[in-house]
Amino acid sequence: DGSALFVADSSNDKIRRVEVATGAVTTVAGSAITGSADGVGDAARFDFPIGIAISQDGSALFVADSSNDKIRRVEVATGAVTTVAGSAITGSADGVGDAARFDFPIGIAISQDGSALFV
């Protein structure tokens, strides 16, 4: 609805929310502890997240977790983080889930109908 911006705070390994009207900043997921873990809120770990795409309904963020070579999903309402694709193994391979390989993904976009992510 345009009331918030979402930021990949890369060097702090966090996904942040900025309220447009007030400038208030809160952490949606991640902590200053670098790692690679699915979890909720500060239990989730990122390593230099860079790109963010938001789902059409605004309920989910898709994050290029660059140094982990993964694409992650963050639920906006809860801060729950899950890995969509990729693994800690760097490469260039098509596949499903952790069989897919990336090498420092940066940009990410979502199709208009929400059915595909482009990395």
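Helices (H or I, at least four residues) and strands (E, at least two) are DSSP runs, numbered from the N terminus. Val18 sits in strand S2. This is a predicted model, where local features need pLDDT of at least 70, side-chain atom pairs count only at pLDDT 80 or more, and totals for chains, interfaces and linings use all residues. Residues are numbered from 1 along each chain as its sequence is written, and side-chain values use heavy atoms, with hydrogens and water left out.

Two strands pair if DSSP finds at least two bridges between them. Strand S2 (residues 14-19) runs antiparallel to strand S3 (residues 25-30), with five bridges joining the pair. Val18 has Val25 as its bridge partner in S3. The hairpin of S2 and S3 has five residues between the strands, and Gly23 there takes a positive phi near 80 degrees.

With neighbours within four places in sequence set aside, its contacts (heavy atoms within 4.5 Å) are Ser3, Ala4, Leu5, Val7, Gly23, Ala24 and Val25. As for Ser3, it is 15 residues from Val18 along the chain, and the two C-alpha atoms are 8.6 Å apart.

## The five-stranded sheet

An open sheet is built from five strands in the order S4-S8-S7-S6-S5, with antiparallel pairing. Its edge strands, each pairing on one side only, are strand S4 (39-40) and strand S5 (49-54). S5 pairs with strand S6 (residues 60-65) in the antiparallel sense, over four bridges. Opposite Ile52 you'll find Val63 in S6.

Two loop residues have backbone angles to look at. Phe48, in the loop between S4 and S5, isn't a glycine but has a positive phi of about 60 degrees. Phe48 is partly exposed at a relative accessible area of 30% (buried means under 20%, exposed over 50%, partly exposed in between, with a 1.4 Å probe and protein chains only). Asp69 is in the loop between S6 and strand S7 (70-75), and its phi is also positive, near 60 degrees, in a residue other than glycine. Asp69 counts as buried, with 4% relative accessibility.

## Salt bridges

The structure has five salt bridges, each being a side-chain nitrogen of Lys or Arg within 4 Å of a carboxyl oxygen of Asp or Glu. One of them joins Arg16 and Asp9, at 2.7 Å from N to O. Asp9 is buried, with a relative accessible area of 18%.

Arg72 and Asp65 also bridge, at 2.6 Å from N to O, and both residues are buried. Asp38 comes in here too: it is linked with Asp65 and Arg72 in a salt-bridge network. Then there's Arg73 with Glu75, whose closest N and O atoms are 2.4 Å apart. Arg73 is partly exposed at 28% relative accessible area, and Glu75 is partly exposed at 25%.

## The largest pocket

Rolling a probe the size of a water molecule over the atoms shows where empty space is left. The largest pocket holds about 160 Å³ of space. Here a pocket is an open set of points on a 1 Å grid over the protein atoms alone, where a 1.4 Å probe fits, with protein on both sides within 12 Å along at least five of seven lines; lining residues have an atom within 4 Å of a point. The volume is the space filled by probe spheres set on the points, which are joined across faces, edges and corners.

Among the lining residues are Asp1, Phe6, Arg17, Ile54 and Val76. By class, the lining has four nonpolar, three polar and two charged residues. Nonpolar covers Ala, Val, Leu, Ile, Met, Phe, Trp, Tyr, Cys and Pro, charged covers Asp, Glu, Lys and Arg, and the others, Gly among them, count as polar.
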